[in-house]
Amino acid sequence: MAAAMDHDYYDGFRTFSWLADLVGLPIDQVNFVLTQFTALILAALLRSSLSPIATTPAARHVYGLTIGLALGYFCFGRQAIHLASLPALCYIAMRTQNPRNMQRVVLAIALIYLSCIHFHRQIYDYGSYTLDITGPLMVITQKVTSLAFSIHDGLTRREEELTPMQRHQAVQKMPTTLEYFSYIFHFQALMAGPVIFYRDYIDFIHGHHLPGAKSLAGFYDKNNQEKEIVLEPSPTLVVVKKVTASLVCAILFITFIPIFPIQRVKEDEFLENTSMLYKVWYLMLTTMLARFKYYHAWLFADAICNNSGLGFNGYDEQGKARWDLASNVDVLKFETSLNLRDSIDSWNKGTNLWLRSIMYERAGHNKIIYTYALSALWHGFYPGYYLTFASGAFFTVAARSIRRYIRPLFLESQRKKTLYDVLTFITTRIIMAYMTFSFVLLEFVPSIKMYLYLYLLPHLLGLIAILLPPHLGLSRKTHKQSTTKIETDLSETVSNGNAHKTM
């Protein structure tokens, strides 16, 4: 029955069913991989035959739009109509509404439309991992809403009223129909992101994306005028590295996820006949394997962007080219992070910036609540998501308390600092698995049962971490020395505190 449901729900082309049977993968996954490899090859033309020097911006727009529409239709069939309907409705709102309020109207339209598709998916294809349009629609929602807020900033607000990020993204000219739909459907980031902000995309199309070139964004121009123009290096090496890493992640996922399935945590045999340490180890292992699926998709998407020339971000202090402007994840930093904040900063970085740009920096009061609410609504309505969100908020507060009150005690010597780093590394791995397994599992009751079989120990320790340290009697001097830096770190953590929720 499940196979029949998957077959009925997936509406993409089945031309390569023979290949799916040959490699033993579902047709939706085979189609996804084929579209990404096609996009990788076609991206190179944007740097060669269709470079800004060799052709017009209109030609580059048409090329990116046409390929994006073709790949979207190949993967989603008739469902692709939603990929066009949502941005079309939002564009009508952008053109007809007062710019002072237009951004709120666009946000409401996009979220209501996306929510309807989420509900439809849960009703007709509950718990399935079949490829469908919700993924691309989530990215499109980020694009249309970020553009609406950027237009609002550029047309109705003074430069001094904007934050640095808002000035960077501000758009002072309403996009034409071609510019808008090219931005929405450009093939490099249609299938798996990352979200590319309009200012960066339009500068890329016109060849103004290199440091020192005049930006089309508006306010941001004034900060760039005296910089030396930098020649873009070849992305070949970084593309090969990212594609290789992506394929390795895919192989690891396909090989080991059947051996360590997340569904096993629902079985009574697992819950009743394994120790607490084994349960924790299994959660760490299976959630890590689940992340490999995201690593595969995001690294490959990064490579596609880079191969087209999109993503060059200047040079670092050692003179090495940086290709991280359109990067969604830092795998090594995430897997080796010493604290929750660094993990958050390294995961789904595009969504991080989106949440910060359109909600956290604009909400006057209750910033955390509004930002978490937006992220929750954007993801959908599976119960497991909300358990992860709630746990994420709770452990973020607990981690701040530890960093504020306990960490200074370990900074007196290098040996103590090393011990603290080891402890926080292990704790971060455990807490990340404990928080996110419900996101992968999706279901409410099995997740709660796992919590209870672990005696809610991480939650209890987190509660102690919140309540006890303020009463430990830290010296005023020790606390004061760490306050300034810590408060800065906490502000960044709050603004980016939803990234882990996009697992």
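Helix 10 is mostly covered, with 8 of its 9 residues buried, where buried means under 20% relative accessible area, exposed means over 50% and partly exposed lies in between, for a 1.4 Å probe and protein chains only. The buried residues of helix 10 are Tyr198, Arg199, Asp200, Tyr201, Ile202, Asp203, Phe204 and Ile205. Their cover includes helix 3 (27–47), helix 4 (57–76), helix 7, helix 8 (164–169) and helix 9, a contact being heavy atoms within 4.5 Å.

The model is a predicted one, in which local features need pLDDT of at least 70 and side-chain atom pairs count only at pLDDT 80 or more, while totals for chains, interfaces and linings use all residues. Residues are numbered from 1 along each chain as its sequence is written, and side-chain values use heavy atoms, with hydrogens and water left out.

The secondary structure of the chain consists of 22 helices and 0 strands; helices (H or I, at least four residues) and strands (E, at least two) are DSSP runs numbered from the N terminus. Of the 503 residues in the chain, 53% are buried. Among the contacts in the chain with a separation of 6 or more, 73% involve residues 24 or more positions apart.

Two helix pairs that share helix 13 are described next. Helix 11 (residues 236–256) packs against helix 13 (residues 276–307) at an angle of about 155°, with the axes 8 Å apart. Axes are lines fitted to C-alpha atoms, for helices over the stretch in contact, and angles run from 0 to 180 degrees between N-to-C directions. Helix 11 and helix 13 are therefore roughly antiparallel to each other; angles under 35 degrees count as roughly parallel, over 145 as roughly antiparallel, 65 to 115 as roughly perpendicular and the rest as oblique. The crossing of this pair is left-handed, a term used if the near helix is turned anticlockwise from the far one by less than a right angle, with right-handed used if clockwise. On the side of helix 11, the residues in contact include Val238, Val239, Leu247, Leu252, Phe253 and Phe256. Those of helix 13 include Leu289, Phe292, Tyr295, His296, Leu299 and Phe300. The contact of helix 11 with helix 13 divides into 17 nonpolar, 4 polar and 3 charged residues. In this division Ala, Val, Leu, Ile, Met, Phe, Trp, Tyr, Cys and Pro count as nonpolar, Asp, Glu, Lys and Arg as charged, and the others, Gly among them, as polar.

The axes of helix 13 and helix 19 (residues 414–441) come within 8 Å and cross at roughly 65°. Helix 13 and helix 19 are therefore roughly perpendicular to each other, and their crossing is left-handed. Val280, Leu283, Met284, Thr287, Ala290, Arg291 and Tyr294 in helix 13 meet Arg429, Ile430, Met432, Ala433, Thr436, Phe437, Phe439 and Val440 in helix 19. This contact comprises 11 nonpolar, 2 polar and 2 charged residues.

Individual buried positions were also examined. Asp153, in helix 7 (residues 134–156), is buried with a relative accessible area of 1%. The side chain of Asp153 makes a polar contact with the side chain of Arg362 at 2.7 Å. A polar contact is a pair of N or O atoms within 3.5 Å; within protein, one must be able to donate a hydrogen and the other to accept it, and residues adjacent in sequence count only if both atoms are side-chain atoms. The C-alpha atoms of Asp153 and Gln172 are separated by 8.0 Å, with the two residues 19 apart along the chain. Ser401, in helix 18 (residues 383–406), has 8% relative accessibility and counts as buried. Leaving aside residues up to four places away in sequence, Ser401 touches Ile406, Ala465, Ile466, Pro469 and Pro470.

Most residues other than glycine have a negative phi, and most peptide bonds are trans. Tyr455, in the loop between helix 20 (444–453) and helix 21 (457–467), has a positive phi of about 60° although it is not a glycine. Tyr455 is exposed, at a relative accessible area of 58%. Leu456 lies in the loop between helix 20 and helix 21 and has a positive phi near 55°. Its relative accessibility of 32% makes Leu456 partly exposed.
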